[in-house]
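Here is a short briefing on one protein chain. Look over the sequence and the model first, then read on.

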Amino acid sequence: MAVRTDLLQGTLDLLILKTLAHGANHGLGIARRVEQVTRGTFRVKPGSLFPALHRLEESGWLASEWGESETHRKAKYYRLTKGGQRQLRTRTATWERIALAITAALESTS
């Protein structure tokens, strides 16, 4: 059973960008995908997701348009822009450096 974990500052943005690297999606679809790929460790609540989507769109990293969801409801679909693709590469590299540093610290015997 996975432990529910609060997302670190900036981690949600990275997970959203990575999710949208696979194609456009609406808010609920993004939240479901994040939970799926993290094996239930991260559950994204609307109160966190939608402000993050808005912030990423304002930054120029996402674009959006209205469409119809699988349940035939009106939904806003988000996709990565070229700037969002660059940001994903930058944030991924940063996260990898952080993860290596934390792993090294945890494995340290002194």
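The protein chain has 4 helices and 3 strands. Helices (H or I, at least four residues) and strands (E, at least two) are DSSP runs, numbered from the N terminus. From that end on, the order is α-β-α-α-β-β-α. This is a predicted model, in which local features need pLDDT of at least 70, side-chain atom pairs count only at pLDDT 80 or more, and totals for chains, interfaces and linings use all residues. Residues are numbered from 1 along each chain as its sequence is written, and side-chain values use heavy atoms, with hydrogens and water left out.

**Confidence**

- pLDDT is the predictor's confidence in each residue, from 0 to 100.
- The protein chain averages a pLDDT of 90, and 91% of the residues score at least 70.
- Residues 1-5 have a pLDDT below 50. Beyond near neighbours in sequence, this stretch has 10 contacts in the model. Contact means heavy atoms within 4.5 Å.

**The whole chain**

- The C-alpha trace spans about 55 × 35 × 20 Å along its principal axes.
- Of the 110 residues, 34% count as buried. Buried means under 20% relative accessible area, exposed over 50%, and partly exposed in between (1.4 Å probe, protein chains only).
- The accessible surface comes to about 7,700 Å². Carbon and sulfur atoms hold 54% of that surface. Accessible areas come from the Shrake-Rupley method with a 1.4 Å probe; for residues, only the protein chains shown count as cover.
- Take the contacts between residues at least 6 apart in sequence: 55% of them join residues at least 24 apart.

**The nonpolar core**

- A nonpolar core is a set of buried Ala, Val, Leu, Ile, Met, Phe, Trp, Tyr and Cys residues joined through side-chain atoms within 4.5 Å.
- In soluble globular proteins, nonpolar side chains tend to be buried together.
- The largest nonpolar core has 20 residues. Ile16, Leu17, Leu20, Ile30, Leu49, Leu53 and Leu62 touch the most other members.
- Two or more core residues come from each of α1 (11-20), α2 (27-37), α3 (46-58) and β3 (74-80). With 6 residues, α1 gives the most.
- What does Ile16 contact, leaving aside its neighbours within four places in sequence? Its partners are Ile30, Leu49, Ala52, Leu53, Leu56 and Leu62.

**Helix α2 and its partners**

- The buried residues of α2 are Gly27, Gly29, Ile30, Ala31 and Val34.
- These buried residues pack against α1, β1 (25-26), α3 and β3.
- Thr19 lies in helix α1. Is Thr19 buried or exposed? Thr19 is buried, because its relative accessible area is 9%.
- Not counting residues up to four places away in sequence, Thr19 touches Ile30, Arg33 and Val34.

- Arg39 follows α2 and lies in the loop between α2 and α3.
- Arg39 is not a glycine, yet its phi is positive, at about 55 degrees. Its relative accessibility is 74%, so Arg39 counts as exposed.
- Where does His72 lie? His72 is in the loop between β2 (62-68) and β3.
- His72 is not a glycine either, and it has a positive phi of about 65 degrees. Its relative accessibility is 62%, so His72 counts as exposed.
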